[in-house]
Amino acid sequence: MKKIGIFYGSATGTTEKIAKRIGQLLGVADEDIHNVADTAPSKVADYSLLVLGSSTWGSGELEDDWYDFIAGLEELDLRNKEIALFGCGDETMTDTFCNAVGELYKRLKPTGAKFIGAYDTIGYTFDESEAKPADALEAVGLLIDEVNHPELTETRLRGWTALLSKEA
């Protein structure tokens, strides 16, 4: 398994909780789980697999702490990195469900990183999401709705981390 670093932005603590659970399932040490609010983008150099997570806010935006961090990441050459994305959202925001995951994908695609961990959205009902193009079978990462479907979270986390373990 590659050296994994988990980087998250969390305003209410939900995404932080999910990041730590992903860390447990992947066997990632606590010191390799980073809040982007107090982490320099250059820290990603320490890892070959970057697991990046954000909640979705407002009308589909990234969690606020991500803006400076992602601007820094966009300046880096990440061609030797793999990126897996996850995010928390509320499916009742039916036109922007987990958009932040799609925003991370869109902004980091030009860095040359390889994206892994595309995952189904079974159990969720929404109209649109930047994380899952209309013509795609899967979202570009793991989508979690702790507000309306907390009963799905553990199964989704286990399935996704098992997939990452195979793909990485």
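**Ground rules.** Numbering starts from 1 along each chain as its sequence is written, and side-chain values use heavy atoms, with hydrogens and water left out. Since I am reading a predicted model, I note that local features need pLDDT of at least 70 and side-chain atom pairs count only at pLDDT 80 or more, while totals for chains, interfaces and linings use all residues.

**Entry: α1 and α4.** I began with helix α1 (residues 14-26) and helix α4 (residues 150-167); helices are DSSP runs of H or I with at least four residues, strands are runs of E with at least two, and both are numbered from the N terminus. The two pack at about 50°, and their axes are 10 Å apart. Axes here are lines fitted to C-alpha atoms, for helices over the stretch in contact, and angles run from 0 to 180 degrees between N-to-C directions. That makes α1 and α4 oblique to each other (under 35 degrees is roughly parallel, over 145 roughly antiparallel, 65 to 115 roughly perpendicular, and the rest oblique).

Who touches whom? From α1 I listed Ile18, Arg21, Ile22, Leu25 and Leu26. They meet Thr153, Glu154, Leu157, Arg158, Trp160, Thr161, Leu164 and Ser165 in α4, where contact means heavy atoms within 4.5 Å. Sorted by class, the contact of α1 with α4 holds seven nonpolar, three polar and three charged residues (Ala, Val, Leu, Ile, Met, Phe, Trp, Tyr, Cys and Pro are nonpolar, Asp, Glu, Lys and Arg charged, and the others, Gly among them, polar).

**Entry: α2.** Which residues of helix α2 (residues 66-74) are buried? I found Trp66, Phe69, Ile70, Gly72 and Leu73; buried is under 20% relative accessible area, exposed is over 50%, and partly exposed is in between (1.4 Å probe, protein chains only). Down the axis of α2 these buried residues fall within an arc of 155°, so they line one face of the helix. The arc is taken over the directions from the helix axis to the C-beta atoms. Their cover includes β1 (4-9), β3 (49-57), β4 (61-62) and α3.

I then checked α2 against α3: the angle is about 25° and the axes are 10 Å apart. The pair is therefore roughly parallel. α2 passes α3 in a right-handed crossing. Trp66, Tyr67, Ile70, Ala71, Leu73 and Glu74 of α2 make the contact with Leu104, Arg107 and Leu108 of α3. This contact of α2 with α3 has seven nonpolar, no polar and two charged residues.

**Entry: the loop from β5 to α3.** Cys98 sits in the loop between β5 (82-88) and α3 (99-108). Its phi is near 55°, which is positive in a residue other than glycine. Most residues other than glycine have a negative phi. Cys98 counts as buried, at 1% relative accessibility.

Glu91 is also in the loop between β5 and α3. Is Glu91 buried or exposed? At 14% relative accessibility, Glu91 is buried. Beyond its neighbours within four places in sequence, Glu91 has contacts including Phe97, Tyr124, Asp145 and His149.

**Entry: Tyr47.** I found Tyr47 in the loop between β2 (33-35) and β3. Tyr47 is buried, with a relative accessible area of 3%. Leaving aside neighbours within four places in sequence, its contacts include Lys3, Phe7, Asp32 and Lys81.

Conventions: Left-handed = near helix turned anticlockwise from the far one by under 90°.
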